[in-house]
Amino acid sequence: MKIRTILRRIITILISLVLCITITDTTSFAKSKAKPTISDTKVTMNTNEEYCISLDRASSKVTWKSSNRKLVKIENGKKSKNVLEKVTQTKQSLMIRYKMCAASYHPKNGSPAAYGNAIQIEKYSNGQWHEVPMKIGIVFPCPMFTIPPQTSIRKAIHLETYYDISKLTAGSYRLNVNVFYPDVTNPYVKFKLK
């Protein structure tokens, strides 16, 4: 084999490596330049109530602080991936529209996110969550459905099907949407009625 042919192959390999490194570096640079966004900038809470706030695309480790630890206790945890989208209320119906997100979820050991058909609502009063009784004879089918990674599932629940909504007074509620993420333990969507 001629020396010229060997040199051409070496130069071709070196150029390929340089291009790969450049593409990888440009991709990571583009990701690092994305601005951080916070999930909530203003939150109204009751005594002993918990609320999850997240900062997406942070360039380094985030430290959460409170100016008054007696008033607000901060616990770094994992954010619920359920998002309340809309509450539609009339005298005859109460619809909760929400999204179950696996958009930023990467399954570990092949464990997917999943959800079922069952629901349950609770009302916040006197510093605690209290289960709201359902209509008599409500039965939910048992199958579970997976949420593929990097996707979201939207659902709308008509609470009048399961509850006497005339008894749902004003206040803070949370809806257990029966969703399971291997890395998150919060299956709730919170909403308020006026």
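Q: What makes a residue part of the lining of the second largest pocket, and which residues line it?
A: A pocket is an open set of points on a 1 Å grid over the protein atoms alone, with protein on both sides within 12 Å along at least five of seven lines, whereas a cavity is a set where a 1.4 Å probe fits but cannot get out; a lining residue has an atom within 4 Å of a point. Here that gives Lys-123, Val-132, Pro-133, Met-134, Lys-135, Tyr-163, Asp-164, Lys-167, Leu-168, Thr-169 and Tyr-173. This is a predicted model, where local features need pLDDT of at least 70, side-chain atom pairs count only at pLDDT 80 or more, and totals for chains, interfaces and linings use all residues. Residues are numbered from 1 along each chain as its sequence is written, and side-chain values use heavy atoms, leaving out hydrogens and water.

Q: How many nonpolar, polar and charged residues are in that lining?
A: Six nonpolar, one polar and four charged. Ala, Val, Leu, Ile, Met, Phe, Trp, Tyr, Cys and Pro count as nonpolar, Asp, Glu, Lys and Arg as charged, and the others, Gly among them, as polar.

Q: Why is Asn-178 called buried?
A: Buried means under 20% relative accessible area (exposed is over 50%, partly exposed in between, with a 1.4 Å probe and protein chains only). Asn-178 has 17%, so it's buried. Buried residues make up 26% of the 194 in the protein chain.

Q: Which residues does Asn-178 touch, not counting those up to four places away in sequence?
A: Contact means heavy atoms within 4.5 Å. With that, Asn-178 touches Ala-114, Tyr-115, Gly-116, Asn-117, Ala-118, Met-144 and Pro-187.
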